[in-house]
Amino acid sequence: MIIFRYLTREILLTMAAVAGVLLLVIMGSRFIRYFTDAAEGDIPATILGNLMLFHLPGFLELILPLAFFLGILLAYGQLYLNSEITVLVACGISPARLFQVSLVPATLVALLVGLCSLWLTPAGALHNAVMLEDQRSRLDFTALAPGRFQDFGGGRTAYTESFSDDGSRMQEVFISERQRRRDGSPETAVTRAGSGYQTVDPDTGSRFLVLADGERYSVDPGRFEAERLEFDTYAVRLSLGGERRELESTEYATTAELLRDDSDRARAQLQWRVSLPLMVFILTLMAMPLSRVNPRQGRFAKLLPAIFLHICYLSLLLAALDAIGRGTLPAAIGMWPIHLVFLALGLGLLMHHQRRGMR
C-alpha cells in the first residue's frame with residue numbers, strides 16, 4: 001500500500017500540473033476570442049463567465065487523457081533517473097505489477113473523462129449554443145459600448161452616447177442601416193434620436209427598438225435628394241418572434257438520444273464519446289514501456305515520440321468521426337480498428353519491455 005500510494009501520488013500530481021498548464025493555455029485562447037467579440041459588440045461582456053464555465057468540460061475531456069499520459073511518462077521517468085525503479089525491481093515489483101498499480105488512477109481519470117464526454121460536454125455545448133443564438137436573435141443593443149460605433153450585422157451600425165443608471169434606456173442614439181427599396185435600388189437610412197429602449201411585443205414576440213424625439217433620413221447613393229422624417233416615437237423591428245435556428249446537431253444531443261438514433265452522425269458522435277475514456281486505458285498501456293529512460297538521456301527523452309503517438313491516435317479518431325458522419329466509413333466498423341491497433345502497439349511495447357526487464 002505504501003508503494004501504491006507513492007506511485008499514485010506521483011502520477012496524479014504530475015498529471016495535475018500538466019493539465020493545469022494545458023487548461024490555462026486553451027482557456028486563455030478561447031477567452032481572448034470571446035473578449036474580442038465582446039469588444040466588437042457581438043456579445044455582451046456579462047455572459048463571458050458563463051461561456052467559459054460551460055466550455056470547461058469540453059476542454060477537460062481532451063486535456064485529461066493527454067495530461068495523464070504525460071503524467072505517467074514524467075513520473076516514472078523521474079523514478080528511473082533516481083534509480084527508484086531499480087529498488088522496486090529488487091523488491092520483486094515487476095512491470096506487470098506496476099501496470100496494475102497505474103490502472104487505479106487511470107480508472108479514476110477515465111471515469112472523469114466519461115462523465116465529461118457522455119454528459120457534461122453536450123449539455124455545456126447546448127447551453128452555450130442557446131445563449132449565443134439568443135444574443136444573435138435579439139441583436140441586444142445593451143451590448144453597445146457608450147461612445148463607440150459598433151456593427152451589429154445585417155448592414156446595421158449603431159452608436160449611443162450613454163446609458164441611463166439602470167441600463168434600460170440609451171441617450172443620443174444614432175443608427176445607420178443599409179437596405180433596399182421596393183424597386184431593388186439601394187438605400188441608406190440614418191436615424192438619430194434623443195433616447196431609445198428595447199421592448200418585446202407580447203402578442204407576436206417580435207423585438208423592437210423604440211426611439212423618441214428624433215429624425216430619420218433616407219439617402220440614395222449617387223442622388224442629390226434625401227427624405228427627412230421627424231418623429232416623436234419610432235419603432236425599429238430588430239427580430240421576428242420565433243426567429244431562431246434549430247439546434248439539431250448531434251454535438252448537442254444527449255447520450256440517451258444518440259442511443260435511440262440510427263443515423264450515421266449519431267453513431268459517429270456516440271463512438272467518439274465512448275472512445276475518449278477508452279483512450280485513457282490504452283494510453284496507460286503505452287506509457288508504461290515509453291517511460292523507461294536511460295539516466296544519461298534524461299526524463300524528457302521519450303516525451304516527443306509519446307506526444308507524436310497521442311497526436312496520431314487523436315487525429316485518426318477525429319478522421320473516423322468525420323468519415324462515419326459522412327457515411328464513407330461503415331458505423332459497424334467505426335473507430336474500433338483504431339483502438340485495436342494502438343492496443344496491439346501498447347501490448348507489443350509492454351511485452352518487449354517485460355522481456356528486457358527493468359534494469
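Axes here are lines fitted to C-alpha atoms, for helices over the stretch in contact, and angles run from 0 to 180 degrees between N-to-C directions. Helices are DSSP runs (H or I, at least four residues), numbered from the N terminus.

The model is predicted: local features need pLDDT of at least 70, side-chain atom pairs count only at pLDDT 80 or more, and totals for chains, interfaces and linings use all residues. Residues are numbered from 1 along each chain as its sequence is written, and side-chain values use heavy atoms, with hydrogens and water left out.

Start by colouring the chain by pLDDT, the predictor's confidence in each residue, from 0 to 100. The chain average is 82, and 84% of the residues score at least 70.

Next, select helix 6 and helix 7. They pack at an angle of about 165 degrees, with their axes 10 Å apart. That makes helix 6 roughly antiparallel to helix 7, a term for angles over 145 degrees.

Now go to the largest pocket. A pocket is an open set of points on a 1 Å grid over the protein atoms alone, where a 1.4 Å probe fits, with protein on both sides within 12 Å along at least five of seven lines; lining residues have an atom within 4 Å of a point. The largest one holds about 620 Å³ of space, a volume being the space filled by probe spheres set on the points. Select Glu61, Thr121, Ala125, Glu251 and Gln269, the closest to its centre of the 30 lining residues.

Finally, select helix 4, which gives the most to this lining, with eight residues.

Definitions and conventions: Helix = DSSP H or I, 4+ residues; strand = E, 2+ residues; numbered from the N terminus. Parallel < 35°, antiparallel > 145°, perpendicular 65-115°, else oblique.
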